[in-house]
Amino acid sequence: MARLSSPVRIGDLTVPNRLYRAPLLECAGNGDGAVDDLIDALEPAAAAGAGLICQGATVVRGEGGCAAPGMTRVHDPAFVADCTRLTDRLHDHGSTVAIQLEHGGLRSMETWHAEYRRANPELQQLAVSRPPPPLRALDRLGFLSYDPHVLSTAEVYDLAADFGRAAGYAADAGYDLIHLAGANMGIVHQFLSPFYNRRDDEFGDGVRFLDAVHDAVRAHAGDVPLLTKVPAETAAPPVVRRRLSREDTVDVCRRLADIGYDALVPVSGSVFWDMSIVRGAYPARAWHDEQFRAGYAAAFGGRLRAGLVALANRAESWWYDFDPAWNADLCRRVRDAVSVPVLCEGGIRDRSHIDALLGDACDMVGMARPFYAEPELPARLLADDRASAVCDSCNNCAVPQVTGAPGVCRTPAVLDEVGRLRKAGAYDRD
Ligand SMILES: Cc1cc2nc3c(=O)[nH]c(=O)nc-3n(C[C@H](O)[C@H](O)[C@H](O)COP(=O)(O)O)c2cc1C
Ligand code: SF4
């Protein structure tokens, strides 16, 4: 029987238990202290017993492609080699560690971040196809700024090779798994999505891109286990006709397992970068915090536009209300169709729920935002089968990141509760 504390195999790797830290931006960048910041962000989860730690998305090219401020780039072998200090530290605690590889494509900061766009006017967005009409309309209204470069067939192979090269550097630096940022509207998602992908070459079948990335990873990183998020676009508004249904996603997963992907993380969301992937409350505290107002205005092109984005955020929080384990049903369907491990994340908070999901909907269970609130959360979840994460999915941690602020819990009541638990010894381990 699959229990939280029992090991699981992914490819040739044995992960010591079934609890993982889902990819969550560390906002460490590439500056002098970047690797130390990564260690500070990730080591507590390892020390607290997480079986697998997924570092947040890192960008495979040296220019463009960052979806948010502070993302780490992994195109430079010297920088990635220094991450050996991180992987060694996490291995010392018995954890395994995945690096997530990403390129933002049409979701990159050069599309949506006004100040960054002004500072980098020459940057074009890598595009699978011409941006779809609703996004072009947002460009005309001034909310987005497109100067897309649609990739030729040869350039798609070059991009796949960049993913492979970065995977090779990561494997040399001791990462145990390569994780593709295949969802959340980055360029891998854009290949898979019929909303974005209207190509008439071989990559018109988006799975072909993941096939090419798989081959490039194998060429550079050998048999290091490879996993990817796989999107379903079920949360998209009904007016978006061309999108990935649950059935499409199950079929994509079946094909990826046949290609040689060692594990899959099915996640449902929309075709836009909205709150469908971080369901929860409207982060009123974050929007009204005076210290971030100037940063919001810089990011969104003025106070009025920032106010409109906040309004849209409020509407999304009604539309995408918190739903416990919102990807469980999708994961269960994928698990019935493939024989590789399926990882489930999104709104999972209670140990009792985790125990019910394991062996039914999935083989491993992950959490993201709860790790901002409780970096040592695994200590509680592994020790107590009645434990629950204290994170209340309010999203106050997420919005300030557009200003370059670090990813930390920003809700006093939650932090007070964490302090109380710490005093009571809840994170102490034998
Ligand atoms: C601030 C923030 C940053 C995130 N960064 C990433 C990322 O880098 N890569 C990724 O695949 N998902 C990312 N996610 C999505 C999470 O991995 C996770 O799927 C989502 O937050 C739902 O899980 P949760 O309810 O446990 O937070 C991020 C989510 C948040 C809130
Ligand atoms: S601010 Fe804290 S409580 Fe709110 S979602 Fe983020 S981590 Fe959870």
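## Cysteines

At a relative accessibility of 9%, Cys-397 counts as buried (buried means under 20% relative accessible area, exposed over 50%, and partly exposed in between, with a 1.4 Å probe and protein chains only). This is a predicted model, in which local features need pLDDT of at least 70, side-chain atom pairs count only at pLDDT 80 or more, and totals for chains, interfaces and linings use all residues. Residues are numbered from 1 along each chain as its sequence is written, chains are lettered from A and ligands numbered from 1 in the order in which they are written, and side-chain values use heavy atoms, with hydrogens and water left out.

The structure holds zero disulfides (a disulfide is a pair of cysteine sulfur atoms within 2.5 Å). Cys-362 takes part in none, and its nearest cysteine sulfur, from Cys-344, is 4.8 Å away. Cys-362 is also buried, at 0% relative accessible area.

## Around ligand 1

Let's turn to the ligand. There are 22 residues around ligand 1, and Pro-23, Gln-100, Glu-345, Gly-347 and Arg-369 come nearest (a residue is near a molecule or strand if one of its heavy atoms lies within 4 Å of it). By class, this shell has 12 nonpolar, six polar and four charged residues (Ala, Val, Leu, Ile, Met, Phe, Trp, Tyr, Cys and Pro count as nonpolar, Asp, Glu, Lys and Arg as charged, and the others, Gly among them, as polar).

A backbone N or O atom of Gly-347 lies 2.8 Å from an oxygen atom of ligand 1, and a polar side-chain atom of Lys-229 is 2.9 Å from a ligand oxygen. For Leu-25, a backbone N or O atom sits 3.4 Å from a nitrogen atom of ligand 1. On its own, ligand 1 has 610 Å² of accessible area, of which the protein covers 92% (Shrake-Rupley method, 1.4 Å probe; for residues, only the protein chains shown count as cover).

## Helix H12

Finally, a look at one helix. Helix H12 spans residues 290-300, and its buried residues are Phe-292, Tyr-296, Ala-297, Ala-298, Ala-299 and Phe-300 (helices, H or I with at least four residues, and strands, E with at least two, are DSSP runs numbered from the N terminus). Among the elements that cover these buried residues are helices H4 (109-112), H5 (114-119), H11 (284-288) and H13 (303-319).

Asp-289 caps the N-terminal end of H12, with a side-chain oxygen 3.1 Å from the backbone nitrogen of Gln-291. After H12 comes Gly-301, with a positive phi near 85°.

Definitions and conventions
Polar contact = N/O pair within 3.5 Å; in protein donor to acceptor, adjacent residues only side chain to side chain. Contact = heavy atoms within 4.5 Å.
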